[in-house]
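The chain is shown first, and the description follows.

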Amino acid sequence: MNRQTDRAAEPRTIEASTTDWSRAYSRRVLFTDFLVLFWVVFGVQIAWLGIDSNLAANENDLRLSYTGISVVVILLWLAALAVYETRGARVLGVGSVEYRLVADSSIRVFGILAIAAFLFHIDLARGYVLIAFPVGIAFLLLSRWMWRQWLVAQRQAGRYSAKVLLVGSIPSVLHIARELARTPEAGYRVLGAAVSSGHVGELPGSSIRSYGGFDDLHAALAESGADTVVITSADDLPPERVRELSWTLEPGKQHLVVAPSLTDIGGPRIHTRPVQGLPLIHVETPTYEGRKLYTKRAFDIVASSLLIVLLSPVFLVLAIVVKLSSPGPVLFLQERVGLNGKQFRMIKFRSMVVGAEERVQELSALDRAEGNAVLFKMKSDPRVTRVGGFMRRFSLDELTQLFNVLAGSMSLVGPRPPLQREVERYDLHVHRRFLVKPGITGLWQVSGRSDLSWEDSVRLDLYYVENWSIVGDVVLLWRTVRAVTTKDGAY
């Protein structure tokens, strides 16, 4: 069991229940939403129409104060944010649902206002409307993002999280505990377990305490202080027992979660459809063709072209520095494996001495290699030049891969492009990473890079292959900026 699971299972003092902290957090976010909308709406009104009491009139000479209209807009906007549950505990802290709901509800307010103005012939100033709503949405999303950073920090410290009791077989409990420990920002803190074997005490290989079997669930809830029951293995509990358990939980204060035997599935691919009280989970199979693929290629062409033009002075400076720093060519061309297992030449600024590839076997035998079992990486690689070390720390040597993206052999976002010697050591399922183009950046690159184990590297790459989307690519490009500046795993 890894350290993450042990930390997840450590008992922590969490003062408030899930219901209490979620309500308190919601009130704080509501107050921030109000401040954002107040300053944006009235700010746009004053900037666009002036501080005077400007009026709007319709064909019937009905005169309306813009101040009154602004108040109505703010109240309607706040009501829409509440109706669409943008501050609900289920969407806080992780994922894009909260942001999507904020944007959707705001757009609907804009639509309602436009329809009302049309029906009642109210001649609203176009600038007032067309500026207030985009700016309002932008600042709402920014404030929500800032709150999320605070919430994530709290959850990593063990606060503002659901207190979880895992229920199922010992292997399934340990598996779910590991998965929850990977993302503490999701807000699930494991406090204990109840297992099918009836084991009492710490589970083997972990610090998770089991409070007995399924007949002891309510005693386990009381003793552990948990308020959320997560069923990790439905096979160990018949449907009747699960239903009875849900009936006995305290409404509004205790919660039931069923974890299906699915991992590494992206949210947009999952759809729940109730049929006669049976919740069926539909998992869409990933597609690698059609409109999404053409959109991705168009995005790659436009973005890489713009970046090449903007970064051309940087390319020139790096080329001069590399040439003057050590003998050898400026660029390093290396055979990598790309889409459908076809090889291509990846372009990088040379960061090592000439002949570095011939020394791989020699260095591999020194037991100084760090990183994981398949990827050969050394934190203090003697082949790296002084200038090369600086470029690697900030990933500057990889900027020339933009030309690979423009040519079509790579994408801006995708799995890491592997060497042929690495591919020869792949298990069969790892070859699924070749269903999409390799990328300059991706989940592997923003999640620790060379510091990751081989299993985590494979898991992240396959997750991307199974669940990629254009929106996800944009998010990963944004996260790349932070990954480059922190330099974690860059060597």
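## Aromatic pairs and their burial

Trp21 has 5% relative accessibility and therefore counts as buried, buried meaning under 20% relative accessible area, exposed over 50% and partly exposed in between (1.4 Å probe, protein chains only). Tyr160, at 14%, also counts as buried. The model is predicted: local features need pLDDT of at least 70 and side-chain atom pairs pLDDT 80 or more, whereas totals for chains, interfaces and linings use all residues. Residues are numbered from 1 along each chain as its sequence is written, and side-chain values use heavy atoms, without hydrogens and water.

Rings of Phe, Tyr and Trp (its six-membered ring) pair if their centres lie within 6.5 Å; planes under 30 degrees apart count as stacked, over 60 as edge-to-face and the rest as tilted. The count by this rule is 14 aromatic pairs. The ring centres of Trp21 and Tyr160 are 5.6 Å apart with planes at 50 degrees, so this pair is tilted. Trp21, Tyr25, Trp147, Trp150 and Tyr160 form one aromatic cluster.

In the pair of Phe38 and Trp39, the centres are 5.7 Å apart and the planes at 90 degrees, so the pair is edge-to-face. Phe38 is partly exposed at 32% relative accessibility, whereas Trp39 is exposed at 62%.

## Packing of H4 and H5

Helix H4 (residues 97–119) packs against helix H5 (residues 126–156) at about 160 degrees, with the axes 10 Å apart. H4 is therefore roughly antiparallel to H5 (angles over 145 degrees). Helices are DSSP runs (H or I, at least four residues), numbered from the N terminus; axes are lines fitted to C-alpha atoms over the stretch in contact, and angles run from 0 to 180 degrees between N-to-C directions.

Technical notes: Helices (H or I, at least four residues) and strands (E, at least two) are DSSP runs, numbered from the N terminus. Angles under 35 degrees count as roughly parallel, over 145 as roughly antiparallel, 65 to 115 as roughly perpendicular and the rest as oblique.
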